[in-house]
Amino acid sequence: MKTIGETLRQIRKSKGLKLKDLAINGVSATFISKVERNESNIGLNKFEALLNGLHVSYDEFKYLQNNYSQNSQEEFLEKLNNFVIDEN
């Protein structure tokens, strides 16, 4: 599985954005660069700010981070949801 920083970089580059384009709400380009290179950890507030700036939901991010596949827990919950829907 890719790191959070690798996935953020992949999304940013796929959208043609530069670090300075994403630097918003107290998240500097320098800090984003360090996160992308796995030299710094990111807190939830800044992570959410970056996802908003990239116009990506948390679910989309996790899907990309897991190489376009669901993890076993997500698969279970999806099957359970489909079962409940089918029963109603």
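L77 is partly exposed, with 46% relative accessible area (partly exposed lies between buried, under 20%, and exposed, over 50%, using a 1.4 Å probe and protein chains only). The model is predicted: local features need pLDDT of at least 70 and side-chain atom pairs pLDDT 80 or more, while totals for chains, interfaces and linings use all residues. Residues are numbered from 1 along each chain as its sequence is written, and side-chain values use heavy atoms, without hydrogens and water.

L77 belongs to helix α6, residues 72–87 (helices are DSSP runs of H or I, at least four residues, numbered from the N terminus). Together with L80 and F83, L77 forms a nonpolar surface patch of about 290 Å² accessible area (Shrake-Rupley method, 1.4 Å probe, only the protein chains shown counting as cover). Patch residues have over 30% relative accessible area and no salt bridge, with nonpolar side chains joined within 5 Å and like charges within 9 Å; a salt bridge puts a Lys or Arg side-chain nitrogen within 4 Å of an Asp or Glu carboxyl oxygen.

## Helix α1

Helix α1 spans residues 4–14, and its buried residues are G5, T7, L8, I11 and R12. Viewed down the axis of α1, these buried residues fall within an arc of 160°, so they line one face of the helix (the arc uses directions from the helix axis to the C-beta atoms). The exposed residues K13 and S14 are on the face turned away from the buried side.

The buried residues of α1 pack against α2 (19–22), α3 (29–36), α4 and α5 (58–65), where contact means heavy atoms within 4.5 Å. Just after α1, G16 has a positive phi of about 70°.

## N52 in helix α4

N52 is in helix α4, residues 44–54. N52 counts as exposed because its relative accessibility is 57%.

Key: Helix = DSSP H or I, 4+ residues; strand = E, 2+ residues; numbered from the N terminus.
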